[in-house]
Amino acid sequence: MKFEKVIKFVSLLAMAIFGAVAFAQEAATGATGGNFAAIGKGLALGLGALGTGVAQSAIGAAALGAVVEDRRNIGFAFIFFLLPETLVIFGFVGFFLIQ
């Protein structure tokens, strides 16, 4: 059931993004590709953040359980909880590299 909702959401999101691009008009001076660069920047940062949220949702529950069982696991829990944040950093780098 949950998988079907995810598929529906992704399909709706793709239709909204590509529909806007399909009906966009070119500028009077000619298209420079800046619109596609803006879409790429948004996808780089947005999908990086989305991936981080998905990863941290499962890791957070496991980290909390490990810390409750033994307080000495808090260092490992922080490391594994903060590790997916590199996805957002990579998205940020891609955001600035796309011209």
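This is a predicted model: local features need pLDDT of at least 70, side-chain atom pairs count only at pLDDT 80 or more; totals for chains, interfaces and linings use all residues.
Residues are numbered from 1 along each chain as its sequence is written, and side-chain values use heavy atoms, without hydrogens and water.

**Exercise 1.** Find how many helices and strands the protein chain has.

Solution. Let's start with the rule: helices are DSSP runs of H or I with at least four residues, and strands are runs of E with at least two, numbered from the N terminus. The chain holds 4 helices and 0 strands. Read from the N terminus, the order is α-α-α-α.

**Exercise 2.** Work out which element gives the most residues to the lining of the largest pocket.

Solution. Step one is the lining elements: helix H1 (2-22) and helix H2 (34-69) each give two or more residues to the lining of the largest pocket. Step two is the count, and H2 gives the most, with 8 residues.

**Exercise 3.** Decide whether Val 93 counts as buried, partly exposed or exposed.

Solution. First, locate the residue: Val 93 sits in helix H4 (residues 85-97). Next, recall the cut-offs: buried is under 20% relative accessible area, exposed is over 50%, and partly exposed lies in between (1.4 Å probe, protein chains only). Val 93 has 42% relative accessibility, so Val 93 counts as partly exposed. For the chain as a whole, buried residues make up 11% of the 99 residues.
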